[in-house]
Amino acid sequence: MAGRPSLNVRSLEALGATRLAELLLQHTEGNAAARRALRLALAETRGPQEMAQEVRKRLTTLDRSGRWLDRRAFAPVLAELESQRQAISTAIGSQAPALAVELLWRLLELAPSLLDRVDDGDDAGLALFHRASADLGRLACQARLPAAALADQVAEAVLDNREGQYDLLVSHLAEALTPEGLRQLRQRLEQERPVINRPDELLVEDEPDEAEEEGVLVHAHAFDPYGLHPGALDWEGDADAEPFRPGGDDGWIGSFEPDEDNDVDGAADPWQRRQDVRLAMLAIADGLGEAEAHLAEYRDHAPAALERPRLVARIARRLTAAGRAAEALALLEGVELTQGWRSDGARPWLDAQLEAMEAIGHVDAAQALRREFGIERLSLSHLRAFLQRLPAFEDGEAEEELLEAVLEHRSFDASLEFLHRWPDQRRAARLILAHPDRLNGADEPLLTAVAAGLEERHPLAASLCLRAMIEEVLETAHSSRYARAVRHLENCRRLAAGIAEWGRIPPHNAYVRELLRAYGHRMGFLRKLDFDGLLLPE
């Protein structure tokens with residue numbers, strides 16, 4: 001009996017062009033997006049100009065629409081824009097890069113009209129425009145555009161960066177602009193920089209560092225190449241890391257009432273324009289390799305920002321790379337870590353400090369700092385780097401000392417995760433057996449992974465992880481997780497068969513009886529149990 005025909009390119013070719021065309025027309029009837037894709041494919045066969053015409057028509061239609069799009073309605077529009085971007089950057093760009101550059105500018109101009117009327121909470125729309133910006137930089141190099149004209153075009157875009165779509169534009173176009181164009185752009189933007197009568201200190205409310213990073217206003221959805229946006233914390237299993245907290249209900253860091261005298265050519269917000277200029281100036285400094293210009297941008301226009309550890313670290317690393325490590329150290333030492341190694345920005349500050357210290361030969365002092373920070377914040381990367389820099393005959397003993405220090409850390413959860421990731425299963429088991437009451441059953445991903453790593457050689461510690469998760473489910477009555485709790489209990493029974501010494505830990509049968517006594521009212525859980533296989537033979 002013949003098998004079912006498989007669908008692939010070769011088998012469909014057998015249908016012939018005419019039959020395939022009929023099927024395409026039939027199955028795209030009433031599907032506007034599919035019909036547009038077909039028209040675009042047909043235009044591609046007639047050359048880049050025809051294809052560009054199709055792209056222009058669709059972009060114009062999208063620009064004119066004023067309909068609000070929720071997340072579900074925005075998804076197909078976003079997918080179509082992505083296909084348009086790819087068509088411009090590949091099919092058109094490979095044949096006519098200058099034409100592709102023109103179309104990418106047109107695509108980027110859609111950002112205000114589109115992002116103002118969509119639910120883009122995950123910034124997928126903004127990310128698309130940033131990809132288009134990157135395409136623009138690559139194709140502008142191929143098109144060999146005049147640097148002067150390109151600099152003027154970039155300046156106009158930077159000064160109209162209403163949705164953050166041009167945040168990375170200068171970085172992406174730095175090569176195409178050439179040093180001459182970058183200097184021309186700097187001169188133009190300096191002339192356009194708004195003069196604000198109030199100091200930068202008043203730009204933000206007095207918020208914690210997590211919510212207000214650099215003392216300047218930012219777009220709610222801006223990318224963060226220069227530390228202007230609060231962004232996420234530098235978490236790497238650190239004991240004291242906290243989730244990012246936005247700095248306001250409306251997505252802005254701080255608030256203000258604009259002065260009439262500060263209106264710049266009808267711009268909606270001179271404060272935001274100054275931020276956009278600053279972001280561009282920093283990218284220009286990087287494009288020209290001028291560490292001093294990067295520092296001067298803050299020193300001359302936002303001196304309060306130089307009190308921020310994370311931002312100062314970025315500047316210091318540029319100074320060190322430019323052969324000015326001593327100046328980098330001086331800049332770093334002028335910053336106060338208000339909560340010591342627990343301060344926000346302490347990690348990048350330390351990394352910049354270490355680079356500068358090693359650049360001027362202060363290797364031993366750098367090692368001491370690396371070890372201190374690594375133990376305080378339980379940083380895998382810093383402790384591994386510390387050991388790698390030790391002589392071969394010293395690293396074994398030093399590792400034992402470090403791991404013993406981890407066992408004494410104030411944060412049980414962070415210590416357990418660290419030991420699991422190092423990995424040191426023996427010490428992870430020691431930690432669990434010493435403090436079984438501190439296991440956090442709600443952290444199921446961690447405890448599941450730890451239990452899996454321990455079950456072969458440390459079944460008692462693995463069982464305690466499983467018990468913590470079982471009790472968390474029953475205590476909080478998470479009925480959707482009862483089946484998982486039952487599986488954990490079955491695994492406890494399996495592991496119990498290989499445990500010879502229980503010490504002060506209740507053996508499996510005693511634990512099960514106490515569990516049923518305490519949570520016998522969780523009927524949904526009880527109905528899932530196999531009582532015949534619940535206990536070990538006695």
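These legends describe close-up views of a predicted model. Local features are given at pLDDT of at least 70 and side-chain atom pairs at pLDDT 80 or more, while totals for chains, interfaces and linings use all residues. Residues are numbered from 1 along each chain as its sequence is written, and side-chain values use heavy atoms, without hydrogens and water.

**View 1. Overall fold of the protein.** The protein has 25 helices and zero strands; these are DSSP runs (helices H or I, at least four residues; strands E, at least two), numbered from the N terminus. Of its 538 residues, 48% are buried (under 20% relative accessible area; exposed is over 50%, partly exposed in between; 1.4 Å probe, protein chains only).

**View 2. The largest nonpolar core.** This core has 59 residues, and Trp105, Val154, Leu173 and Leu189 touch the most other members. Helices supplying at least two residues each include H4 (48-64), H5 (71-92) and H10 (169-192). H10 gives the most, nine residues. A nonpolar core is a set of buried Ala, Val, Leu, Ile, Met, Phe, Trp, Tyr and Cys residues joined through side-chain atoms within 4.5 Å. Leucine 173 touches Trp105, Leu136, Gly137, Ala140, Leu150 and Val154, leaving aside residues up to four places away in sequence; contact means heavy atoms within 4.5 Å.

**View 3. Helix H17 and its cover.** Buried residues of H17 (residues 380-388) are Leu380, His382, Leu383, Ala385, Phe386 and Leu387. Their cover includes H15 (346-359), H16 (363-377), H18 (395-407) and H19 (412-421).

**View 4. Salt bridge between arginine 131 and glutamate 82.** The closest N and O atoms of this pair are 3.0 Å apart. A salt bridge is a side-chain nitrogen of Lys or Arg within 4 Å of a carboxyl oxygen of Asp or Glu. Arginine 131 lies in helix H8 and glutamate 82 in helix H5, so the pair ties together parts 49 residues apart in sequence. Arginine 131 is partly exposed at 35% relative accessibility, whereas glutamate 82 is buried at 16%.

**View 5. Salt bridge between arginine 324 and glutamate 292.** The closest N and O atoms are 2.7 Å apart. Arginine 324 lies in the loop between H13 (309-321) and H14 (325-333) and glutamate 292 in H12 (residues 291-301), so parts 32 residues apart in sequence are tied together.

**View 6. Salt bridge between arginine 410 and glutamate 376.** Their side chains meet at 3.0 Å, N to O. Arginine 410 is in the loop between H18 and H19 and glutamate 376 in helix H16, 34 residues apart.
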